[in-house]
Amino acid sequence: MSLLFHAVFMAFLAWMCKTGAPMWSKWSLALGAPLISGVLNGIILGNMAYGLEMGATVMLVYIGVTVIGGTVASDVTLGGYLGVTMSMIAGVEPAVGITVASTLGLLGTLISPVEKTLNTIWVARARRYAAKGDTRGIALMNVLAPLLWGFLIYFIPGFILIYFGSATLDGILSSAPMWVTAGLSAVGHLLPALGLGMLMNLLYSGRLLPFFIIGFGASVYLGLGITPIAVFGIAFAMLHYYYTGKKEEGEDIRSNSQAVKENGAGNGPIRLEKSDLRRSWLLWITFGQQCYNFEIMQGLGLCHAMCPIIRRLYPNDAELRRKAIERHLVYYNTENNWGAAIAGITASMEEELAGGAAISDATINSIKAALMGPLAGIGDTVTQSLVKTILLGIACDLALGGNGFGPVFFIGGMTAYALIVSNRAYFLGYESGKTSIIKLLSGGRMQQVTEALSALGLMVLGALVASSIAVTTPLTINAGETSVVLQDVLNAILPGMLPLAAFLGAYKLVNKGWKPVKIILVIFIVGFVGSLLGILA
């Protein structure tokens, strides 16, 4: 086959796996990229043995790489589809292919923040569709619009790199000024502060602020992860619920009949059908991370997944559809497979709300905020550290032995895992939401429950601030023969001081009503200037 076709085909795969492929397939096609790319290139070049050896050898370097919260140490997809392809076209040994793939994997970590930043444009447009109650517009912004940026930043550069070879790659990397790569790195460390600041704006309550401090302190001083902090947060939330006093029955609660009337269900509540739930689940596991962005992360994906639910529950009321869409167009980030349970619970709460239950927007979003961290912790550990590693180990062993079934085994295993786990999680979440969560919210203790859930969400948020914003300072102060590393001084005063400062700054701007794009521009300026001055890294 011609080099032109070869370059177009592999660049297309890189583009799709980074942007357009269904999420359930990305668990295999993206995370197993070097192994799969080796086989495909072997078929195109007519040398399957070479492809299996190259793919498996490079894959073993990436087998421990995990994607946590959208952050990666090296981009497996670009390293695999572009690096392996360039290496095999050049006919280099697998050991040299590792170097090429690793270099492109590093380059991918610089490109990814650009994509997430550009996708915030589609979030802004999605808000316009939300204001009209337009679910089709939400789908358009989540599914098709992000493909444009992917084409520009993945397909075109990928095609150029493959077509003109590794010599061009060396020229690009050597000609890029260090201040550009350092500045992009600093900006990437600061940008998560925006989404977390927006979540704080949603959950903040002065009387609950100590819970945020506890979550932050447990992370920076005790080194606890999100999951154990969430477990303690559940206990604290329960204590808050039981010891903050009981409201009188009916206080601040609309009567069920009034709620039914307000939600347009006066002729009886509309119930979700199995087909609605299946469509919602399929949208989540397929497009949940299609428009991944620094503003609301997976928020647009979850909102899109709720669209079949919203259309069913509010078929003739554009205003209620608008409120429902805007309710979900907020910050959200979790692991796709296990986190599908949250989408199921959310669908259940929407159904009960439409039927007259006294559930507020704050309650729905507090539940999502409280659950997304723990389920992400479970999902990331089980999916990437256990299932992926075991399946890849077996697949690479088969491939190194010259068995072409290795990549097929990995693709089939990971795809089955993603579809089965996410489906069961979604429907279990929906059923538990109906039988337990709504029952809990049906009495006169609504305010207590909302506050307890917000307390849990704030503890998780505190931990996220400490762990997700990786900004540091490399500044060293010289006094005579003594050198003082400023980061060490800050750590002695308060570990995580710079991440906390970045978060508070972003929250302040969000609270003042600044548009996200404007805040991102400020972050870019602060990141680049701070990096140039040697203050931020």
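Select Arg312. At 30% relative accessibility, arginine 312 counts as partly exposed. Partly exposed covers the range between buried (under 20% relative accessible area) and exposed (over 50%), with a 1.4 Å probe and protein chains only. This is a predicted model: local features need pLDDT of at least 70, side-chain atom pairs count only at pLDDT 80 or more, and totals for chains, interfaces and linings use all residues. Residues are numbered from 1 along each chain as its sequence is written, and side-chain values use heavy atoms, with hydrogens and water left out.

**Stop 1: the salt bridge at Arg312**

Arginine 312 and glutamate 273 form a salt bridge, and their closest N and O atoms are 3.5 Å apart. The criterion is a side-chain nitrogen of Lys or Arg within 4 Å of a carboxyl oxygen of Asp or Glu. Glutamate 273 sits in the loop between helix H15 (256-262) and helix H16 (274-287), while arginine 312 belongs to helix H17 (residues 299-313), so the pair ties together parts 39 residues apart in sequence. Helices here are DSSP runs of H or I with at least four residues, strands are runs of E with at least two, and both are numbered from the N terminus. Glutamate 273 is partly exposed, at 39% relative accessibility.

**Stop 2: along H16**

Now pick Asp276 and Arg279. The two form a salt bridge, with the closest N and O atoms 3.7 Å apart. Both residues lie in helix H16, three residues apart, about one turn of the helix. Is aspartate 276 buried or exposed? Aspartate 276 counts as buried, at 2% relative accessibility. Arginine 279 is partly exposed, with a relative accessible area of 41%.

**Stop 3: H18**

Move to Arg322 and Glu326. Their salt bridge has its closest N and O atoms 2.7 Å apart. Arginine 322 and glutamate 326 are separated by about one helical turn, because they stand four residues apart in helix H18 (residues 318-328). Glutamate 326 is partly exposed, with a relative accessible area of 35%.

**Stop 4**

Select Phe151 and Phe155. A search of the whole structure finds 13 aromatic pairs. In this one, the ring centres of phenylalanine 151 and phenylalanine 155 are 5.0 Å apart and the planes meet at 15 degrees, so the pair is stacked. Rings of Phe, Tyr and Trp (its six-membered ring) pair if their centres lie within 6.5 Å; planes under 30 degrees apart count as stacked, over 60 as edge-to-face and the rest as tilted. Phenylalanine 151 and phenylalanine 155 are four residues apart in helix H9, which means a separation of about one helical turn. Phenylalanine 151 is partly exposed, at 31% relative accessibility, whereas phenylalanine 155 is buried, at 14% relative accessible area.

**Stop 5: the nonpolar patch**

Show the surface and colour the patch residues. Leu3, Leu4, Val8, Leu45, Ile89, Leu148, Phe151, Leu152, Ile156, Ile160, Tyr163 and Phe164 form a nonpolar surface patch, with about 960 Å² of accessible area together. Patch residues have over 30% relative accessible area and no salt bridge; nonpolar side chains (Val, Leu, Ile, Met, Phe, Trp, Tyr) are joined within 5 Å, like charges within 9 Å. Accessible areas come from the Shrake-Rupley method with a 1.4 Å probe; for residues, only the protein chains shown count as cover. Which helix gives the most to the nonpolar patch? H9 does, with seven residues. Helix H1 (3-20) and helix H9 (145-164) each supply at least two. Click Ile156, a residue of helix H9. Isoleucine 156 is partly exposed, with a relative accessible area of 33%.

**Stop 6: Asp75**

Jump to Asp75, in the loop between helix H4 (48-62) and helix H5 (76-90). Aspartate 75 is buried, at 3% relative accessible area. The side chain of aspartate 75 makes a polar contact with the side chain of lysine 18 at 2.8 Å. A polar contact is a pair of N or O atoms within 3.5 Å; within protein, one must be able to donate a hydrogen and the other to accept it, and residues adjacent in sequence count only if both atoms are side-chain atoms. The side chain of aspartate 75 also reaches the backbone nitrogen of leucine 78 at 3.0 Å.

**Last view: the whole protein**

Zoom out. The protein has 25 helices and two strands. Of its 537 residues, 54% count as buried.
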